[in-house]
Amino acid sequence: MKFGIIKERKTPPDRRVVFTPEELLRVREIYPQANFEVESSDIRVFKDEEYADLGIEIDTDLNDCDVLIGVKEVPVDALIPDKTYFFFSHTIKKQPYNRKLLVACLEKNIRLIDHETIVDAKGRRLIGFGRYAGIVGAYNGIRAFGLKYDLFNLAKAETLKDQAQLIERLRRLVLPPIKIVLTGHGKVGMGAKEMLDAMKIKQVSVEDYLTKTYDKPVYTQIDVLDYNKRKDGQVLDNSDFYKNPQEYISDFERFTKVTDIFMAGHFFGNGSPYILTKEMLKAPDNKIKVVADISCDVDGPVACTLRASTIAEPIYGYLPGEHREIHFEDPRAIAVMAVDNLPCELPKDASEGFGEMFLKNVIPAFYNNDADGILARATICENGQLTEKFKYLQDYVDGKE
């Protein structure tokens with residue numbers, strides 16, 4: 001089996017890679033029969049020479065590889081027919097901008113495996129950059145607060161080497177006694193929590209957060225039943241929310257009255273109620289002035305996320321009364337940080353973490369006859385057809401949706 005590590009070709013450039021040079025050595029130690037070839041790249045966070053110095057082959061042509069592994073979408077004209085590809089395809093939610101990509105994979109007889117579809121038997125995701133989105137998103141949220149109030153000007157995350165440097169910059173700050181609410185307990189939410197804890201910001205209970213005042217910054221991390229409630233008033237458990245999201249409405253307004261920064265690290269499922277609505281944002285007693293929408297669902301549960309922002313221009317302003325964008329420094333504005341590719345700002349750390357997950361959860365499947373069904377569950381298409389699990393994409397492929 002020969003694996004190829006492909007060059008990232010999407011614009012803007014993405015410097016991440018699935019396997020670092022050291023991680024490829026680890027793979028070869030565990031699976032000596034695995035061969036690797038790395039496509040030459042002038043943008044990758046690890047230089048060609050770093051791979052070559054460890055005896056890993058560098059080439060500009062990966063046609064002799066069986067499996068090609070990348071991070072972001074591969075341009076249609078760069079797809080090599082009759083191969084297995086791993087990358088984030090952004091097709092499984094029928095994203096219109098990538099329909100041609102899925103069509104091309106079918107036409108070119110490509111077996112497409114999306115990193116997002118790599119799950120265990122219970123449907124839990126095994127691969128992703130969520131932790132690093134949370135790490136960078138929390139940093140960017142604090143940075144946005146400093147810029148909004150002209151208190152401090154943190155360096156951009158992309159200019160710093162790793163998470164340790166981000167933490168070092170954050171620890172220099174002296175913050176006023178602000179309150180931060182963080183949604184989500186998955187990889188994104190826990191990545192953001194890492195940063196708040198590293199800053200020594202005190203975590204408090206929901207009840208204390210809502211009712212007490214403090215002379216130093218505090219945060220609370222809330223779960224779905226903290227910011228949603230059943231319409232009929234029943235208090236059930238999380239599983240009821242996940243099974244019957246349509247029976248719930250947002251209960252987030254109680255947090256808007258006491259919060260300075262909202263860090264959104266939740267997963268937003270189909271049918272779930274919106275969390276932070278336009279009405280909450282324009283209410284006279286809304287205190288939120290900075291929203292770090294790490295999850296970044298445009299036109300989704302956080303009403304002020306009008307669009308995704310960019311690493312180059314990460315912050316924009318939201319005018320609550322008119323539901324439109326203005327400059328974030330305007331006194332009337334809520335500052336919104338909604339970068340949708342946050343892990344790109346920490347390419348070295350993100351690549352190292354991703355490679356560890358890929359080695360642990362995916363590579364074994366190639367050498368144990370996919371005993372746990374990892375590859376079978378994750379395959380979107382092969383042999384020119386959508387697999388059974390992804391047949392729902394047929395109308396999308398046909399251009400009917």
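**Aromatic rings at a glance**

The count comes to 20 aromatic pairs in this structure, with rings paired when their centres lie within 6.5 Å. Please keep in mind that the model is predicted.

**A tilted pair**
- Tyr 209 and Phe 255 have ring centres 6.2 Å apart and planes at 40 degrees, so this pair is tilted.
- This pair links distant parts of the chain, 46 residues apart: Tyr 209 belongs to helix H7 (residues 206-211), and Phe 255 belongs to helix H10 (residues 253-256).
- Tyr 209 is buried, with a relative accessible area of 0%.
- Phe 255 is buried too, and its relative accessible area is 0%.

**A stacked pair**
- For Phe 354 and Phe 358, the ring centres are 6.4 Å apart and the planes stand at 25 degrees, so the pair is stacked; planes under 30 degrees apart count as stacked.
- Helix H12 (residues 347-361) holds both Phe 354 and Phe 358, which are 4 residues apart, about one turn of the helix.
- Phe 354 and Phe 358 are both buried.

**An aromatic cluster**
- Phe 354 and Phe 358 also belong to one aromatic cluster, together with Phe 3, Phe 19, Phe 36, Phe 86, Phe 88, Phe 129 and Phe 366.

**Charges over rings**
- Phe 129, a member of that cluster, has the charged end of Arg 16 over its ring, 4.2 Å from the ring's centre.
- Tyr 209, from the tilted pair, has the charged end of Lys 179 over its ring, 5.2 Å from the centre.

Conventions. Residues numbered from 1 in each chain as written. Predicted model: local features only at pLDDT ≥ 70, side-chain atom pairs only at ≥ 80, totals over all residues. Heavy atoms only, no water. Phe/Tyr/Trp six-rings, centres within 6.5 Å; stacked < 30°, edge-to-face > 60°. Helix = DSSP H or I, 4+ residues; strand = E, 2+ residues; numbered from the N terminus. Buried < 20%, exposed > 50% of the residue type's maximum accessible area, 1.4 Å probe, protein only. Lys NZ or Arg CZ within 6 Å of the ring centre and 35° of its normal.
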